[in-house]
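Me: I would like to learn how to read a model of this kind, feature by feature. Please give the general idea, then the case at hand.

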Amino acid sequence: MLLALVSLAAGVPKALLKGDVSAGLQSHMGLSAGLVRFVGPAEVAATGGLIIGLFWQPLGIAAAIGFTITMIGGAVGFHAKAGDYADPATRGTRWPVATAVTLGLAI
């Protein structure tokens with residue numbers, strides 16, 4: 001249930017292109033508004049899949065696998081591409097911690 005809430009909280013601002021998260025994804029990460037709008041509803045859909053998955057296990061497993069792939073491929077991959085892990089100014093700060101927490105929740 002916690003993973004579903006995290007997914008919802010992460011997806012809604014992206015789907016609406018509101019707030020610092022969406023702006024940061026576009027400016028720092030270089031993502032297009034269309035890609036951010038795609039990721040947002042995908043995360044919101046994952047919320048539904050995870051909650052329904054509590055009652056129908058196959059959907060829950062599929063939603064968890066999809067969310068994990070999104071986090072590993074998208075979040076970690078784009079942060080690595082943007083140089084967040086290589087930059088001494090950001091290494092050892094919130095990026096590795098946020099990644100570890102997100103992956104821990106997904107697993």
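Me: What should I know before reading any value?
Reply: This is a predicted model, in which local features need pLDDT of at least 70, side-chain atom pairs count only at pLDDT 80 or more, and totals for chains, interfaces and linings use all residues. Residues are numbered from 1 along each chain as its sequence is written, and side-chain values use heavy atoms, with hydrogens and water left out.

Me: How do I read the confidence, and what is the chain's average pLDDT?
Reply: pLDDT is the predictor's confidence in each residue, from 0 to 100. Where it is low, the predicted coordinates should not be read in detail. Here the chain averages 75, and 74% of the residues score at least 70.

Me: Which elements have the lowest and the highest mean pLDDT?
Reply: Helix H5 (residues 94-106) has the lowest, at 60. H3 has the highest, at 84.

Me: How many helices and strands are there?
Reply: Helices (H or I, at least four residues) and strands (E, at least two) are DSSP runs, numbered from the N terminus. This chain has five helices and zero strands. Its pattern along the sequence is α-α-α-α-α.

Me: What share of the contacts joins residues at least 24 apart?
Reply: Contact means heavy atoms within 4.5 Å. Take the contacts between residues at least 6 apart in sequence: 53% of them join residues at least 24 apart.

Me: How is burial read, and what percentage of the residues is buried?
Reply: Buried means under 20% relative accessible area, exposed over 50%, and partly exposed in between (1.4 Å probe, protein chains only). Of the 107 residues in the chain, 26% are buried.

Me: Which residues make up the largest nonpolar core?
Reply: In soluble globular proteins, nonpolar side chains tend to be buried together. A nonpolar core is a set of buried Ala, Val, Leu, Ile, Met, Phe, Trp, Tyr and Cys residues joined through side-chain atoms within 4.5 Å. The largest one here has seven residues: Leu-3, Ala-4, Ala-46, Leu-50, Ala-63, Phe-67 and Met-71. H4 gives the largest share, three residues.

Me: Is Glu-43 buried or exposed?
Reply: Glu-43 sits in helix H3. It counts as buried because its relative accessible area is 3%. Leaving aside neighbours within four places in sequence, Glu-43 contacts Ser-7, Ala-10, Gly-11, Lys-14, Phe-67 and Met-71.

Me: What does Thr-47 touch?
Reply: Thr-47 is also placed in helix H3. At 7% relative accessible area, it is buried. Not counting residues up to four places away in sequence, Thr-47 touches Ala-4, Ser-7 and Leu-8.

Me: Now the outside. Which residues form the nonpolar patch?
Reply: Patches are made of residues with over 30% relative accessible area and no salt bridge; like charges are joined within 9 Å, nonpolar side chains (Val, Leu, Ile, Met, Phe, Trp, Tyr) within 5 Å. A salt bridge is a side-chain nitrogen of Lys or Arg within 4 Å of a carboxyl oxygen of Asp or Glu. Accessible areas come from the Shrake-Rupley method with a 1.4 Å probe; for residues, only the protein chains shown count as cover. The patch is formed by Met-1, Leu-2, Leu-5, Val-6, Ile-51, Leu-54 and Phe-55, with about 750 Å² together. Helix H1 (residues 2-16) gives the most, three residues. Ile-51 lies in helix H3 (residues 33-52), and is partly exposed at 31% relative accessibility.

Me: Which residues does Phe-78 touch?
Reply: Phe-78 is in helix H4. It is partly exposed, at 29% relative accessibility. Beyond four places in sequence, Phe-78 touches Met-29, Leu-31, Leu-35 and Gly-73. Phe-78 and Gly-30 are 48 residues apart in sequence and 9.2 Å apart in space, C-alpha to C-alpha.

Me: Is Lys-81 buried or exposed?
Reply: Lys-81, in helix H4, is exposed, with a relative accessible area of 72%. Its C-alpha atom is separated by 8.1 Å from that of Met-29, 52 residues apart along the chain.
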